[in-house]
Amino acid sequence: MCDIVPLNRHFVPQVLLTAIFLGLGPTLAQAQLRPEAVPGGVAEIAVAAAGAPRPEVRFGGRPVLLQQRKTGWYALVGLPLDTPVGEQKLDLGPNDSSRPLPFQVAAKDYPVQKLKIANQKMVTPDPEQLARINAERDRQISIRSQFREVPVTRTDLALPAEGRLSSRFGLRRVFNGEPRAPHTGLDVAVPTGTPIRAPADGVVTLVDDFYFNGKTVFVDHGQSFVSMVCHLDKAGVEAGQTVRRGEVIGQSGSSGRATGPHLHWSVYLNGAAVDPALFIGPVPAR
């Protein structure tokens, strides 16, 4: 249960929905990205013609992932969970002469999940722990926001472990009755020691043991397209190491804030946590 984004008070519903802990059925098939321009989703936007040079494109001041296809240049834009519904805009061109390209963001409701955590310090940390948590949050935000300018030809991802999908992206978390930040990943229920594999080719940018996340590995797939796996029992790679899709990068566990052994997998685009299910196949019915 990784919460490295601050709680936005607007995320807490006026009336809490029925508590859920959904088993999402069988694992998802690998598939191409299914764009969904909603908070926590991915907007796919045509930004230049096929014969044009690579454009400069930013969202919220950050460069975004660009793909050149036969039909033109396309931006894949990660939309944070707190993105307002309605018109948003990309900035095209150099900073000093950019022009806006508007696009629409639709609404999406995420359910609430109530969980009981035995260690109260994992719910309400003391001041010393808070200092550590804030430093770790800043470090992780910096790592997941780096822009490595390499071609990204594939945006489909492989599920890092085979197992039951046990907790959706975007759930509004309530720990021991206290609202906390939304769930920014996809959980897979697997026993301790299950091999965890790289979702795609990339470079390992961070391996560490964090307060909430426990043992964690970040893999940079290029152009701020980043995977993070956490709550590991063991990490099997080092920062700077190149990995291939399907290569083992660690073993599952329950380190950090976890109610039991499982894999938490987060995906980031231009620094924003987005729904990993969009990259791996159709989402089963709720």
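# Close-up views of a predicted model

Figure 1. Arg 245 has a relative accessibility of 24%, so Arg 245 counts as partly exposed. The model shown here and in every view below is predicted. Arg 245 forms a salt bridge with Asp 156, and the closest N and O atoms are 3.5 Å apart. Asp 156 sits in the loop between α1 and β9, while Arg 245 sits in the loop between β17 (242–243) and β18 (248–252), so their pairing ties together parts that are 89 residues apart in sequence. Why does Asp 156 count as buried? Its relative accessibility is 2%, and buried means under 20%. Arg 154 belongs here as well: Arg 154, Asp 156 and Arg 245 are linked in a network of salt bridges.

**Figure 2. The salt bridge of Arg 148 and Asp 220.** Arg 148 pairs with Asp 220, with 3.2 Å between the closest N and O atoms. Distant parts of the chain are linked by this pair, 72 residues apart: Arg 148 is in the loop between α1 (127–145) and β9 (164–167), and Asp 220 is in strand β15 (residues 214–220). Arg 148 is partly exposed, at a relative accessible area of 28%. Asp 220 is buried, at 4%.

**Figure 3. The salt bridge of Glu 36 and Lys 108.** Side chains of opposite charge can pair when their charged atoms come close. In this view, the closest N and O atoms of Glu 36 and Lys 108 are 3.6 Å apart, and the two form a salt bridge. Glu 36 lies in the segment before β1 (42–48), and Lys 108 in the loop between β7 (99–105) and β8 (112–115); the pair links distant parts of the chain, 72 residues apart. Glu 36 is partly exposed, with a relative accessible area of 28%. Lys 108 is partly exposed too, with 24%. How many salt bridges does a search of the whole structure find? The search finds twelve.

**Figure 4. The helix α1 and its buried side.** The 19 residues of α1 should span 27 Å at 1.5 Å a residue, and the end C-alpha atoms are 27 Å apart, which agrees. Which residues of α1 are buried? They are Gln 129, Ile 133, Glu 136, Arg 137, Gln 140, Ile 143 and Arg 144. An α-helix has 3.6 residues a turn, so residues three or four places apart point the same way. Pro 127, Glu 128 and Asp 138 are exposed on the other side of α1. The buried residues of the helix pack against four strands by name: β14 (202–210), β15, β16 (225–235) and β19.

**Figure 5. Tyr 268 in strand β19.** Tyr 268 is part of β19, which covers residues 263–269. Is Tyr 268 buried or exposed? Tyr 268 counts as buried because its relative accessibility is 0%. Ser 227 is 41 residues away along the chain, yet the C-alpha atoms of Tyr 268 and Ser 227 are separated by 6.4 Å.

Figure 6. A pair of aromatic rings is described by the distance of the centres and the angle of the planes. The count of aromatic pairs comes to five. Tyr 211 and Phe 212 form an edge-to-face pair, at 5.2 Å centre to centre and with 70 degrees between the planes. Tyr 211 and Phe 212 are both buried. Phe 212 also has a charge over its ring: the charged end of Arg 257 sits 4.2 Å from the ring centre. A further ring with a charge is that of Tyr 74, where Arg 69 lies over the face at 4.5 Å from the ring centre.

**Figure 7. Ser 252 and its contacts.** Ser 252 is in strand β18. Its relative accessible area is 0%, so Ser 252 is buried. Leaving aside residues up to four places away in sequence, Ser 252 touches Val 190, Pro 191, Thr 192, Gly 193, Thr 194, Ile 196, His 231, Leu 232, Asp 233 and His 262. For the protein chain, 72% of the contacts between residues at least 6 apart in sequence join residues at least 24 apart. Buried residues make up 51% of its 286 residues.

Key:
Residues numbered from 1 in each chain as written. Predicted model: local features only at pLDDT ≥ 70, side-chain atom pairs only at ≥ 80, totals over all residues. Heavy atoms only, no water. Phe/Tyr/Trp six-rings, centres within 6.5 Å; stacked < 30°, edge-to-face > 60°. Buried < 20%, exposed > 50% of the residue type's maximum accessible area, 1.4 Å probe, protein only. Lys NZ or Arg CZ within 6 Å of the ring centre and 35° of its normal. Helix = DSSP H or I, 4+ residues; strand = E, 2+ residues; numbered from the N terminus. Salt bridge = Lys/Arg side-chain N within 4 Å of Asp/Glu carboxyl O. Expected span 1.5 Å × (residues − 1). Contact = heavy atoms within 4.5 Å.
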